[in-house]
Amino acid sequence: MIADRVRIDSYHEAIQRCVKPGDIVVDLGTGTGILSMFAAQRKPAQVYAIEHGMIIETAKEMARLNGTDCINFVKSHSKNFATNEKVDVILHEQMGEKLFDENMIDNICDLRDRLLRPGGKILPSCFDLFIEPLSLKDEYRIPLLHQHDDVHGISYARLGSSRKRIDGDSIKIEKSLQRLIKRCEADRFLCIPEGIYSIDLATVNRADVPKRIVYRKTFASDGLMDGLCMYFRVRFDDTLAFDTSPFSANTSWNPVLIRLETQAVRAGDVIECDWDVLDIADIGTWTLRYRIFPGGTAAQAPFSSSAVSVSSAGRGH
Ligand SMILES: C[S@@+](CC[C@H](N)C(=O)[O-])C[C@H]1O[C@@H](n2cnc3c(N)ncnc32)[C@H](O)[C@@H]1O
């Protein structure tokens, strides 16, 4: 992860901009200690480097070897950590490949509510989640199980007919449907990318995290839709951000492909996606209903279900 220059350079710049001399800083999940050591370069009063894993020993050694003396290493889960003084800045790198799958919201909200001074900063605090229809390059279009109809005379084709998706059916996003992809596998997005859910950890209430996300997107070009590609954007401030799109610079986070039956689509068709998000931190608990409306016949139609809260980021397609 230290080798991921997009990540490291963005965090270094953000810390330069945000941490001020005399600040009290908490680094949640310090790992190898890199963010704490960047913060220490800003002459803070104190950096608390919290880590519940054994890697904290490496971080301590690195700080010693680099002559950094204002870091207080605490081997603890963040929920068991407390200070007497209020904190000016919370640093963290709690994003998983599926953005929320490392319990970021819960851990950061807990520290924020207990320790952050009013007006204090969380770095980073703003994130956008994307789930975009994706076309794979031909050579990476691995057939689904039921599409193998002659494996040395053995056929899985019958499986297909019994598992065929009925339009609008719920699909549980079980492990077999999720695959991390390398950037070279992706051919193109079929719609113009737009975040479907945005969160600001500085203000979010855990109770407000959505249980359902619904949006429509219009296909911008003809092509084969192989699935939906999940990635995220991290925004440190208005001018400093990076994302994990398959078409952006490589990072240590790979995009996630939610593999669907490959389907031909045409420019102007509309896809409606309706996600049940039981636990936002575990996409294994999510279910998807999607429908494709040829020629955008859905443009005027109501969403497939009533009482739906439409994500503002996805509205208007
Ligand atoms: C992805 S690593 C990030 C390491 C480091 N911050 C960096 O930027 O290189 C996340 C680290 O956070 C630790 N961690 C995750 N949740 C934690 C928690 N609630 N309390 C303490 N440590 C935590 C993990 O053990 C892991 O070492």
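Which residues make up the covered face of strand β10, and which the uncovered one? In β10 (residues 197-200), Tyr197 and Ile199 form the covered face, while Ser198 and Asp200 form the uncovered one; helices (H or I, at least four residues) and strands (E, at least two) are DSSP runs, numbered from the N terminus. In a regular strand the side chains alternate between the two faces of the sheet.

This is a predicted model, in which local features need pLDDT of at least 70 and side-chain atom pairs count only at pLDDT 80 or more, whereas totals for chains, interfaces and linings use all residues. Residues are numbered from 1 along each chain as its sequence is written, and side-chain values use heavy atoms, with hydrogens and water left out.

- Cysteine 126 has aspartate 200, in β10, as its bridge partner.
- Helix α4 has twelve residues and spans 16 Å from its first C-alpha to its last, close to the 16 Å expected at 1.5 Å a residue; the expected span is 1.5 Å times one less than the number of residues.
- Because nine of its twelve residues are buried, α4 is largely enclosed by the rest of the structure; buried means under 20% relative accessible area, exposed over 50%, and partly exposed in between (1.4 Å probe, protein chains only).
- The buried residues of α4 include Met104, Ile105, Cys109 and Leu115, and what covers the buried residues of this helix includes β1 (24-28), β4, β5, β6 and β10.

**Salt bridges**

- The model has 26 salt bridges, each defined as a side-chain nitrogen of Lys or Arg within 4 Å of a carboxyl oxygen of Asp or Glu.
- Arginine 17 and aspartate 237 form a salt bridge at 2.9 Å, N to O, and this pair links distant parts of the chain, 220 residues apart, with arginine 17 in helix α1 (residues 5-18) and aspartate 237 in the loop between β12 (223-235) and β13 (241-243).
- Arginine 17 is partly exposed at 34% relative accessible area, and aspartate 237 is likewise partly exposed at 31%.
- Aspartate 106 and lysine 79 form a salt bridge at 2.6 Å, N to O, which joins helix α4 (residues 104-115) to the loop between β3 (71-75) and β4 (87-92) across 27 residues.
- Aspartate 88 and arginine 117 meet in a salt bridge at 2.6 Å, N to O; aspartate 88 lies in strand β4 and arginine 117 in strand β5 (residues 116-123), so the pair ties together parts that are 29 residues apart in sequence.
- Aspartate 88 is buried, at 14% relative accessible area, whereas arginine 117 is partly exposed at 32%.
- Salt bridges with shared partners join Lys79, Asp106, Arg112, Asp113 and Arg206 into one network.

**Aromatic pairs**

- The structure holds ten aromatic pairs, counted when rings of Phe, Tyr and Trp (its six-membered ring) have centres within 6.5 Å, with planes under 30 degrees apart called stacked, over 60 edge-to-face and the rest tilted.
- Tyrosine 11 and phenylalanine 236 form an edge-to-face pair, at 5.0 Å centre to centre and 80° between the planes; tyrosine 11 lies in helix α1 and phenylalanine 236 in the loop between β12 and β13, so the pair ties together parts that are 225 residues apart in sequence.
- Both tyrosine 11 and phenylalanine 236 are buried.
- Ring pairs link Tyr11, Phe232, Phe236, Phe242 and Trp253 into a cluster.

Conventions:
Two strands pair if DSSP finds at least two bridges between them. Contact means heavy atoms within 4.5 Å.
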